[in-house]
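Have the chain open in your viewer and follow along.

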Amino acid sequence: MEIRLVGVVGAGQMGNGIAHVFALAGYDVLMTDISEESLQKALATIERNLDRQVARGKVLPADKRAAMERIRTTLKLADLGQCDLIIEAATERETVKQAIFEDLIPHLKPTTILTSNTSSISITRLASRTDRPEKFMGFHFMNPVPVMQLVELIRGIATDQETWETLHEVVRKLGKTASSSEDFPGFIVNRILMPMINEAVYTLYEGVGNVKSIDESMKLGANHPMGPLELADFIGLDTCLSIMNVLHEGLADTKYRPCPLLTKYVEAGWLGRKTQRGFYDYRGEVPVPTR
């Protein structure tokens, strides 16, 4: 199946990054969100990120202009009905994702492929709430999307071979690398990454080390580009907690129990960079640990 028009549901950090890479690869993109303010903010972010790529010599100015012209926005979910491929990139809450797919169904072409950028939720379960489980897959991009090379492809139990092959080819055209994961909680990346972050939070919670010591130990001792607590702030502590809850509930193993300190930070609204406070305080010019 040939993909020409791509719909992106959600204009946040992941959604605008996905729109960016698809438009730059030559696809027409229709992006939707619940507010015009969110859409305009997303367009500004995409243009700013493209400008960075131009400044670094990774993108030609003409390609940047062409990419921006390929992106259209709408507040109406129904407008995505003519898309060949739709990527849901809403918040990591299953009820929200299910509602989006249920609202989309009446407007879709029979051939439209539905995907979710979920980082942990069951693809089979999401697909079962649609009229096309055979044309439904997990399409998990890494953050930040324009920079990160990997895309996790996750088949539900009913996903057909044509859908798999179509999305594998789309990833190739984006200039990225696809990995194949079975539909288990957290898939591959977050099944490994999130327990490490959660253990770093436990290390802080138990007083084994402070924020700076934990992050520096992993950067200098394990050659990680970011410390686990810094990375958690970048991802969003609410997202980290959601994924840990999915792992804990889905795998029924106490080793995936979210650290109480992670829960407490989320309850306080300290979600990381997006709220200017998490394990680091970003309200000043130089981020400092909050503990």
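Is alanine 252 buried or exposed? With a relative accessibility of 69%, alanine 252 counts as exposed, because the cut-off for that label is over 50%. Keep in mind that this is a predicted model. For the background to what follows: most residues other than glycine have a negative phi, and most peptide bonds are trans.

- You'll find alanine 252 in the loop between helix 10 (237–251) and helix 11 (260–268).
- Glutamine 276 isn't a glycine either, yet its phi is positive, at about 70°.
- Look for glutamine 276 in the loop between helix 11 and strand 9 (280–281).
- Glutamine 276 counts as partly exposed because its relative accessibility is 37%, and that label runs between 20% and 50%.

**A cis peptide bond**
- Going from asparagine 143 to proline 144, the peptide bond is cis, with omega near 0°.
- Proline 144 sits in the loop between strand 6 (136–141) and strand 7 (150–155).

- Helix 9 (residues 228–235) and helix 10 have axes that come within 6 Å and cross at roughly 100°.
- That angle falls in the 65 to 115 degree range, so helix 9 and helix 10 are roughly perpendicular to each other.
- On the helix 9 side, Ala232, Asp233 and Ile235 make the contact, and they meet Leu237, Thr239 and Cys240 of helix 10.
- Sorted by type, the residues of this contact are four nonpolar, one polar and one charged.

Terms used:
Residues numbered from 1 in each chain as written. Predicted model: local features only at pLDDT ≥ 70, side-chain atom pairs only at ≥ 80, totals over all residues. Heavy atoms only, no water. Helix = DSSP H or I, 4+ residues; strand = E, 2+ residues; numbered from the N terminus. Buried < 20%, exposed > 50% of the residue type's maximum accessible area, 1.4 Å probe, protein only. Axes fitted to C-alpha atoms, helices over the stretch in contact; angles between N-to-C directions. Parallel < 35°, antiparallel > 145°, perpendicular 65-115°, else oblique. Contact = heavy atoms within 4.5 Å. Nonpolar A, V, L, I, M, F, W, Y, C, P; charged D, E, K, R; others polar.
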